[in-house]
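Student: I have a structure to read. Could you take me through its features, with the cut-offs?

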Amino acid sequence: MALFVSREIKKMKIYIVGTVASGKSTLAKGLSKQLQCPYFSLDDIVHKSKKDSYGNEKRSVAERDEIFQEILKRENYII
C-alpha cells in the first residue's frame, strides 16, 4: 500500500467500520504504519484477556468508556 501524505497534517482521527472479518484491522495496521499514526484495536478496547484461562471477556461499560475517552483525547489515532 503506497500513500502520499502531506507532512503538514497535524490531526488525524480515523475510525474504521465494517462487518466481521472484512479486513478492518489489516487496513488499520497498514494505515498506522504508513501514516505513523497510533492504532488501537477495537477488540482490545471492548475485550480483555481472562486472567486465569484462555480467551477473553467483555470489559464493563465504564471500563470501555474510560479507554475510549483516553484515546479520543489524542490528536491522532486509528481505531
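Student: How much of the protein counts as buried?

Tutor: Buried means under 20% relative accessible area, exposed means over 50%, and partly exposed lies in between (1.4 Å probe, protein chains only). Here, 20% of the 79 residues count as buried. This is a predicted model: local features need pLDDT of at least 70, side-chain atom pairs count only at pLDDT 80 or more, and totals for chains, interfaces and linings use all residues. Residues are numbered from 1 along each chain as its sequence is written, and side-chain values use heavy atoms, with hydrogens and water left out.

Student: What share of the contacts joins residues 24 or more positions apart?

Tutor: Contact means heavy atoms within 4.5 Å. Among contacts with a separation of 6 or more, 56% come from residues 24 or more positions apart.

Student: Which residues make up the largest nonpolar core?

Tutor: A nonpolar core is a set of buried Ala, Val, Leu, Ile, Met, Phe, Trp, Tyr and Cys residues joined through side-chain atoms within 4.5 Å. The largest one here has seven residues: M12, I16, A28, L31, L35, C37 and I78. Helix α1 (residues 24–35) gives the largest share of this core, three residues. A second, separate core has five residues, including I45, I71, Y77 and I79.

Student: What does I16 touch beyond its sequence neighbours?

Tutor: Leave aside residues within four places in sequence. I16 is then in contact with K24, L27, A28, L31, I78 and I79.

Student: On to charges. How many salt bridges does a search of the whole structure find?

Tutor: Side chains of opposite charge can pair when their charged atoms come close. The test for a salt bridge is a side-chain nitrogen of Lys or Arg within 4 Å of a carboxyl oxygen of Asp or Glu. The search finds four. One joins R64 and D65, with the closest N and O atoms 3.1 Å apart. R64 is partly exposed at 26% relative accessibility, and D65 is partly exposed at 32%. Another pairs K73 with E70 at 3.0 Å between the closest N and O atoms. K73 is exposed, with a relative accessible area of 62%, while E70 is partly exposed at 46%.

Student: Which residues are linked in a network of salt bridges?

Tutor: K48, R59 and E63. The side chains of R59 and E63 meet at 2.9 Å, N to O. E63 is partly exposed, with a relative accessible area of 26%.

Student: Where is R59 found?

Tutor: R59 is in the loop between β3 (56–58) and α3 (61–72). A polar contact is a pair of N or O atoms within 3.5 Å; within protein, one must be able to donate a hydrogen and the other to accept it, and residues adjacent in sequence count only if both atoms are side-chain atoms. The side chain of R59 makes such a contact with the side chain of E63 (2.9 Å). A polar atom of the R59 side chain also lies 3.4 Å from the backbone oxygen of H47.

Student: Is V46 buried or exposed?

Tutor: V46 counts as buried, at 19% relative accessibility. The residue sits in helix α2 (residues 42–46). The C-alpha atoms of V46 and R64 are 5.9 Å apart, although 18 residues separate the two along the chain. Beyond four places in sequence, V46 is in contact with E57, K58, R59 and R64.

Student: And which element holds E57?

Tutor: Strand β3. E57 is partly exposed at 35% relative accessibility. Beyond four places in sequence, E57 touches V46, H47, K48 and K50.

Definitions and conventions:
Helices (H or I, at least four residues) and strands (E, at least two) are DSSP runs, numbered from the N terminus.
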